[in-house]
Amino acid sequence: MNRILKIILLNSLAVLTLFPSTVISQKTNKSAIDFVNPFIGTANHGHVFLGANVPFGGVQLGPVNIDKGWDWCSGYNYASKEILGFTHTHLSGTGIGDWNDILLLPATGKVKVKPANKDELSDGYGSSFSHNQEICKPGFYSVFLKDYNVKVDLTTTKRVGMHRYTFVENNNSHIVLDLAFGTGWDSPVETHIEVVNDSIITGYRQSKGWAKNQQVYFAIKLSQRLQSFQLYDDSISIDGSKLTTVRARAIIKFALQKKKL
């Protein structure tokens with residue numbers, strides 16, 4: 001029996017993304033998109049974004065690793081063995097580290113509100129993973145988080161990032177929402193989280209980096225009602241349903257229902 005949670009996140013940032021056109025090959029009867037390998041350029045000095053997006057979309061939804069330097073400018077490098085979470089904006093091929101706004105991570109077990117900064121993942125949130133349990137196709141990304149026993153599926157429209165989390169077991173299942181997180185040159189200036197009701201969370205993230213005054217607004221729609229939530233100013237717990245600070249974070253918990261796949 002598995003427990004499934006779906007999340008829809010609306011993102012207001014508009015950027016340009018290009019994909020090959022869907023030209024039909026006379027020899028293979030396949031479209032050009034069938035030959036796309038999104039992993040190309042994600043290793044060494046490629047700096048290529050890996051994840052789900054659509055042509056001319058405002059959302060680039062994909063995984064982020066522990067930042068180990070310049071080769072992690074997009075937030076992801078194929079050499080990594082861990083995933084810290086899934087963010088909704090990514091640069092690709094720039095050689096400049098920025099963005100990776102609005103991090104979400106499904107997790108189980110002990111609650112950790114700050115990202116790990118070591119490969120063993122002992123000092124913060126994040127999970128190991130295997131490339132054998134990772135899939136990426138144009139418009140779709142999927143991975144299994146080993147440490148949390150959670151399967152993650154991601155897809156997007158032009159302005160919406162859609163998450164589906166499948167929890168194999170209900171061991172203190174929760175979601176980390178981290179607005180402090182960014183990549184490379186990025187640094188938060190002001191962040192806001194507001195729990196509107198038991199299924200909608202809104203907020204914004206203002207930051208500076210390569211982009212000097214970047215502002216991203218979001219609304220999260222949950223498929224299951226939240227059971228409880230806790231806001232954090234950096235790592236200090238804060239009472240209330242909304243918080244404006246430099247480094248706002250939240251832990252969201254659910255009473256997940258069993259479903260057959």
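A: What follows is a description of strand E8 and its two partners. The model is a predicted one, in which local features need pLDDT of at least 70 and side-chain atom pairs count only at pLDDT 80 or more, while totals for chains, interfaces and linings use all residues. Residues are numbered from 1 along each chain as its sequence is written, and side-chain values use heavy atoms, with hydrogens and water left out.

Strand E8 covers residues 140-145, where a strand (E) is a DSSP run of at least two residues, numbered from the N terminus. Five of the six residues in E8 are buried, a word that stands for under 20% relative accessible area, computed with a 1.4 Å probe on protein chains only.

On one side of the pairing, E8 meets strand E7 (residues 134-137) in the antiparallel sense over four bridges; two strands are said to pair if DSSP finds at least two bridges between them. Phe 140 in E8 is the bridge partner of Lys 137. The hairpin that E7 and E8 form has two residues between the strands, and Gly 139 in its turn has a positive phi of about 85°. Cys 136, which lies in the residue range of E7, is buried at 8% relative accessibility.

The other partner is strand E9 (residues 150-156), which pairs with E8 in the antiparallel sense over six bridges. Here Tyr 141 has Leu 154 in E9 as its bridge partner. The hairpin of E8 and E9 has four residues between the strands, and Asn 149 takes a positive phi near 60°.

Note on methods: Buried means under 20% relative accessible area, exposed over 50%, partly exposed in between (1.4 Å probe, protein chains only).
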